[in-house]
Amino acid sequence: METLDLLALSPPGWGATLLAGLWNSLLIAVGAFSMGLVLGGLGAWGKIHGGPITRDLLAMYTTIVRAVPELILILILYFGVTDLVNQILIAFGHERIQISGVAAGITVLGVVQGAYATEVLRGALLAVPQGQVEAAKAMGMPPLLMARRIIFPAMLGLAMPGLANLWLIATKDTALLAVVGFSELTFATRQAAATTKAFFTFFLAAGVIYLIITLLSGWAFARIEAWARRGEPRNAGG
Amino acid sequence: MRDWLQPHRIFLCLIGAALVVWCATQMRWDWLPKYAPLMAEGIWRTIWLLVLSTVLGMMLAIPLGLAQAAGPWYLAAPARIFCTVIRGTPLLLQIWLLYYGLGSLFPQFPWIRQSDLWPILRQAWPYALLALTLSYAGYEGEVMRGAFRSVPRGQLEAARAMGMPRHMILWRIWLPQAVRAVLPTLGGETVLQMKATPLVATITVVEIYAVASRVRQDTFIVYEPLLLLALVYLCLAGLIVLLFRQIERRGPMTRRAG
């Protein structure tokens, strides 16, 4: 029982520290996933409907981000973005600022997620039956209404498995921010473990927390996918 | 080749070339000769960690996938739980659990400290290799589960009707078709595995990422080592993609499609 006391919420225990880390992790995961969706949506649109230069630049973006380890992108963007913002601020006569860890984390992981989301959404967009789009155009539907009523609902079910995967990657990639010293769940765990020397207790506890997030999100995404695919003809296997 | 001669591509290539020239002339590369031997060593260590962990991981993944696809429940359930746990927790956490957890547990047992294995267990790389192997096994176990299921039943029934023993069915019919079906996925997963290797630098394994970090700490040069590092990983990813394309091309399935 003694080692479980270390997980108590009040100060001799480290439970509150872990929960604060969990909150930061979730904040960054949600932020990065949302930013990835926006970037991915723009990227998918650009890859399909953009001009040749847009398409080449987007191809470079997705290739490089998917081939270089996230850890290195995090370091490059972390140092690079901080530097850039500060140089702009100094150029306009302001003082240097320290960019908050949450903002930097969301930006960096968002850019990474954007590359993967581009591919997922592009695949889903291309899989929307062309006849439906043509029918909508023939009925004189304005483009925004068509996107909302025809393309988006048809895409959602197709994109859901990929997006669920991306969300799980987002939650696990927040752990990488521990390497740059940002206090999310993994970093808080390591701090607690190093101080108390109860390595197994804390790492296993954090593992259970991550696992619960994974299982809950898996269940939630399965529900959303079932809802998005309502009314679709079932395959022989399903 | 004609693809590359479109005007906008030439324009983009020129911009790219100008950027490379600017990087080569305007940035600081004077540290490079001093650290070159260390970097070569780091790249070598990254490569063997990657190769060994994928090979060992695949050897674990095949039974894991088979157990989930066709095994009895007492084998399928543990395999499923293993894959879920590995895929549900961050690799960094797994690495730290193994290194700090086991690393603090082992010295408490005198018989481990006196054994011949102790000099190896005191180093960091066995834990790094173990964590990477288990991670690859977890992800690929899931891939192989789908792969084993995707092989048409008729093939296995035909083999059984011919009186083939079970292990021969596995080796000659089931496994080759399963692996071939998921080769493209495995290529992508191996690139992901390569992208996971720099994490072992956090437990003091000196691979290429750790070397670049050391350059940064020694010389206070930030961007140049990181850019070089990104280039090294880009090349490694390209090599993996080419390697898997080569393997795919050797099979009979692609010959039919191409």
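Residues 221–244 of chain B are 92% helix and 0% strand, with end C-alpha atoms that lie 36 Å apart, and this stretch is one of two that UniProt, in an unreviewed entry, lists as "transmembrane region" in chain B. The model is a predicted one, and the points below take up its two chains, the contact between them, and a few single residues.

**Chain B as a whole**

- Chain B holds 13 helices and 0 strands, and its pattern along the sequence is therefore written as α-α-α-α-α-α-α-α-α-α-α-α-α.
- The radius of gyration of chain B is 23 Å, whereas the globule rule gives 18 Å for 258 residues, so chain B is more spread out than a compact globule.
- Of the 258 residues in chain B, 30% are buried.
- When contacts in chain B between residues at least 6 apart in sequence are considered, 79% of them join residues that are at least 24 apart.

**Chain A as a whole**

- Chain A has 9 helices and 0 strands, and when it is read along the sequence the pattern is α-α-α-α-α-α-α-α-α.
- The C-alpha atoms of chain A fill a box of roughly 70 × 55 × 30 Å, taken along the principal axes, and buried residues make up 35% of its 238 residues.
- Among contacts in chain A between residues at least 6 apart in sequence, the share that joins residues at least 24 apart is 76%.
- An unreviewed UniProt entry places the feature "domain: ABC transmembrane type-1" at residues 22–221 of chain A, a span that is 84% helix and 0% strand and whose end C-alpha atoms lie 20 Å apart.
- The mean pLDDT of chain A is 86, and 94% of its residues reach 70 or more.
- Within chain A, confidence is lowest in helix α1 (residues 2–5), at a mean of 67, and highest in helix α2 (residues 15–49), at 92.

**Where the two chains touch**

- On the chain B side, 27 residues are in contact with 31 residues of chain A.
- The elements of chain B that give two or more residues to this side are α1 (7–26), α3 (73–88), α4 (91–105), α10 (183–196) and α12 (223–250), and α4(B) gives the most, with 7 residues.
- Sorted by class, the side of chain B that touches chain A has 18 nonpolar, 7 polar and 2 charged residues.

**The largest nonpolar core**

- The largest nonpolar core has 107 residues, and the members that touch the most other members are L166(A), L92(B) and I95(B).
- Not counting residues up to four places away in sequence, L166(A) touches F33(A), G36(A), Q113(A), Y116(A), A117(A) and V120(A).

- M60(A) lies in helix α3 (residues 52–67) of chain A, and M60(A) counts as exposed because 12 other C-beta atoms lie within 10 Å of its own.
- In sequence M60(A) and L121(A) are 61 residues apart, and in space they are 17 Å apart, C-alpha to C-alpha.
- L60(B) lies in helix α2 (residues 32–70) of chain B, and L60(B) counts as partly exposed because 19 other C-beta atoms lie within 10 Å, while a buried residue would need 20 or more.
- L60(B) and L134(B) are 74 residues apart in sequence and 8.1 Å apart in space, C-alpha to C-alpha.
- Leaving aside neighbours within four places in sequence, L60(B) is in contact with T133(B) and A137(B).

**Two loop residues with a positive phi**

- K197(A), which is not a glycine, has a positive phi of about 65°, and K197(A) is found in the loop between α8 (185–196) and α9 (199–228) of chain A.
- With 10 other C-beta atoms within 10 Å, K197(A) is exposed.
- T204(B), which is not a glycine either, has a positive phi of about 70°, and its place is in the loop between α10 and α11 (208–219) of chain B.
- With 12 other C-beta atoms within 10 Å, T204(B) is exposed.

Conventions:
Residues numbered from 1 in each chain as written. Chains lettered and ligands numbered in written order. Predicted model: local features only at pLDDT ≥ 70, side-chain atom pairs only at ≥ 80, totals over all residues. UniProt positions renumbered as here; feature names shortened; annotations may be inferred. Helix = DSSP H or I, 4+ residues; strand = E, 2+ residues; numbered from the N terminus. Contact = placed C-beta atoms within 7 Å. Nonpolar A, V, L, I, M, F, W, Y, C, P; charged D, E, K, R; others polar. pLDDT = per-residue confidence, 0-100. Rg over C-alpha atoms; globule rule 2.2 N^0.38 Å. Core = buried A, V, L, I, M, F, W, Y, C linked by C-beta atoms within 7 Å.
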